[in-house]
Amino acid sequence: NFARKDEIFSMEDEPGHQELCDREQAFFLKSILEDIDLSEQMEAAVNSLRIVLAAEQSINEERVVELA
């Protein structure tokens, strides 16, 4: 038994791939023009990369890889 019943989410109102790309580019341009600090976004991107690299290492070495 699972802790919660399955929940179905509607994605009909979600933006498509191109719209997401357009939003990212608009935000990046705004950050340049308005000198917005992107440190938080950079930290999140680096952390995501750490997770992906650890997952790849785990697959290749067939062992659990702990993130420090």
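Biologist: What should I know about the model before I start?

Modeller: The model is predicted, with local features needing pLDDT of at least 70 and side-chain atom pairs counting only at pLDDT 80 or more, while totals for chains, interfaces and linings use all residues. Residues are numbered from 1 along each chain as its sequence is written, and side-chain values use heavy atoms, with hydrogens and water left out.

Biologist: How many salt bridges are there?

Modeller: Side chains of opposite charge can pair when their charged atoms come close. A salt bridge here is a side-chain nitrogen of Lys or Arg within 4 Å of a carboxyl oxygen of Asp or Glu, and by this rule the count comes to 2. Glu 19 pairs with Arg 23, with the closest N and O atoms 2.9 Å apart, and Arg 63 pairs with Glu 61 at 2.5 Å.

Biologist: Where do Glu 19 and Arg 23 lie relative to each other?

Modeller: Helices are DSSP runs (H or I, at least four residues), numbered from the N terminus; because Glu 19 and Arg 23 are 4 residues apart in helix α1, about one helical turn separates them.

Biologist: Which span does α2 reach, and what is expected?

Modeller: The expected span of a helix is 1.5 Å times one less than its number of residues. With 23 residues, α2 reaches 32 Å from its first C-alpha to its last, close to the 33 Å expected, and just after α2, Glu 62 takes a positive phi of about 50 degrees.

Conventions: Helices (H or I, at least four residues) and strands (E, at least two) are DSSP runs, numbered from the N terminus.
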